[in-house]
Each structure stands twice: as structure tokens, then as C-alpha cells.
Amino acid sequence: MSSEEAVPRRRNPRGQGQVLKAELVNAAARLLATLERPETLTLRQVAREVGVAPASIYGHFPDLGALVQHVLRLRYDELAAVMRAAADGADGPLADLVGRCAAYVHWGVDHPGEYRTLFGGGMPAELVPTNAHGAGEELLGSVVAALAGARQDPQEHRDRRGPEQEWQAGLLLWTSLHGLVALYNAHGNMPWPDLTDLIAQTLALHTGRPVDQIAELARRADRSV
């Protein structure tokens, strides 16, 4: 209904304004995930999707930027919850890292539109300032910490690693995982190897751990979902 005239929406009973707010958020999230150019989203499109007048939105969000940033926070919270759940009860640092990273990749592949909303870029800075992605830094921080505990380095290398080196190592791992998701989503018709095997090989490169060990942990994490 995003490109057609909306069916007029039935007014909520008095005191149920939060219902309309939820509908606005869901509509904006849906449009951001499906529009060919999500940066062109307008309040008028959101209003049409829900079936209300654009002026109705201002009772819940002061402008389009506030609405989009609300959607971003919800998506980050969703991804963070999936990653935390995958790491719950992990038997050691390596299992923790594998669970988090496997959950990240699978969520991105299973929700390509939502993943693009978070990490696809293209949003004008005045609409979505950099600090709107602060929750993404928290996700990266969890991967940095897990990787620091899981890497199999000689003792002399561990002694020389400081916070900056740990952060850079985590950033490089996230870059690899992001590239895997982005390429998989953009070229899903290619004869890709098994996704879990690709995750295992990526993590083996960044941890120095055996691929078979990581693959078994990744498959165990898949079965627990």
C-alpha cells in the first residue's frame, strides 16, 4: 500500500494513542526495509501507509528524523538481543564469540531489508546523525571483548596488545562479517558455500583457532536457535 492511496484508518478509541504510534513505527520500518531508495522516505509516505493524515504523526514524533532514529534503536535492540541469546550459556570465550558472530550473520541474511536499514548507509546526516548509530558501537564492543578472549596468540603477542589493538582487531572482524552478509544478500543467486562454513573460516582467520572446532560450535549454536 506504500505506493497506492491508503484506505482511511479507523480512529483509535480515546486513550489508545500508543496504538497509532506503534503503527507509525511499523510502517516506517517496513518502508525503510523495502524502498529501493530508503533515504527518500517522507512523513507523507508513512502517513499514507498507515491511513492517517500527515499531521497525525506530530503528536508522536516531532519530525521524520526522530521517527527514523526510533526505528534504528528498535532494530539495534533486536539484533543485540539475538546476539546475546546466542551467547547465553556459552562454554568459554570461543563459543561466546562464535555464537554472537553466527547470530549476526544469520540475522543479516534472514532480514536483508532490516540489515540494510542499519548498515546500508545512504541516509542524509541531517536525518540520521552519526550518534543515532551509537547502539551499533555497543554491538561492536561485545564482539571486541569476545574476540579478545578467544584469540589464540603467543604469549608475547598478548602481552603487547592494548585496548586500541583489541578494538582494531574487532573492527576488522566486523568488517569481514559485514562484507559476508552484504555480498550474500546482494548476490544470493551465486553458488555460495554453506554459510556456517564461511562463518567458521572467517573466525578461524581472526582467532587462529581450527576451522573444524569453530564449525562445530557454529552448528551447535544453529541447533539451539
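Of the 225 residues in the chain, 41% are buried, a term that denotes under 20% relative accessible area, with exposed meaning over 50% and partly exposed lying in between (1.4 Å probe, protein chains only). The model is a predicted one, in which local features need pLDDT of at least 70 and side-chain atom pairs count only at pLDDT 80 or more, whereas totals for chains, interfaces and linings use all residues. Residues are numbered from 1 along each chain as its sequence is written, and side-chain values use heavy atoms, with hydrogens and water left out.

The chain holds ten helices and zero strands, where helices (H or I, at least four residues) and strands (E, at least two) are DSSP runs numbered from the N terminus. When contact is taken as heavy atoms within 4.5 Å, 67% of the contacts between residues at least 6 apart in sequence join residues at least 24 apart.

Helix α3 has 24 residues, which should span 34 Å at 1.5 Å a residue, and this agrees with the 35 Å between its end C-alpha atoms; the expected span is 1.5 Å times one less than the number of residues. The N-terminal end of α3 is capped by D63, a side-chain oxygen of which lies 3.2 Å from the backbone nitrogen of G65, and α3 is followed by G89, with a positive phi near 75 degrees. Helix α9, comprising residues 195-207, reaches 18 Å from its first C-alpha to its last, close to the 18 Å expected for its 13 residues. At the N-terminal end of α9 the cap is D194, through a side-chain oxygen 3.1 Å from the backbone nitrogen of T196. Just after α9, G208 adopts a positive phi of about 75 degrees.

The buried residues of α9 include L195, L198, I199, T202 and L203. T202 counts as buried because its relative accessibility is 15%, and, leaving aside neighbours within four places in sequence, T202 is in contact with L173, S176 and L177. C101, found in helix α4, counts as buried because its relative accessibility is 1%. Not counting residues up to four places away in sequence, C101 touches V143, L173, L177 and L203. The C-alpha atoms of C101 and A146 are separated by 9.7 Å, although these residues stand 45 places apart along the chain. D96 also has its place in helix α4 and, at 18% relative accessibility, counts as buried; with residues up to four places away in sequence set aside, D96 touches A87, A90 and A146.

The largest pocket has a volume of about 370 Å³. Of the 23 residues that line this pocket, the closest to its centre are Y76, L118, F119, H133 and W174. Two or more lining residues come from each of α3 (64-87), α4 (93-110), α5 (112-119), α6 (134-150) and α8 (163-186), and α6 gives the most, with five residues. By class, the lining has 15 nonpolar, six polar and two charged residues, where Ala, Val, Leu, Ile, Met, Phe, Trp, Tyr, Cys and Pro count as nonpolar, Asp, Glu, Lys and Arg as charged, and the others, Gly among them, as polar. A pocket is here an open set of points on a 1 Å grid over the protein atoms alone, where a 1.4 Å probe fits, with protein on both sides within 12 Å along at least five of seven lines, and lining residues have an atom within 4 Å of a point. Grid points are joined across faces, edges and corners, and a volume is the space filled by probe spheres set on the points.

Definitions and conventions:
Polar contact = N/O pair within 3.5 Å; in protein donor to acceptor, adjacent residues only side chain to side chain.
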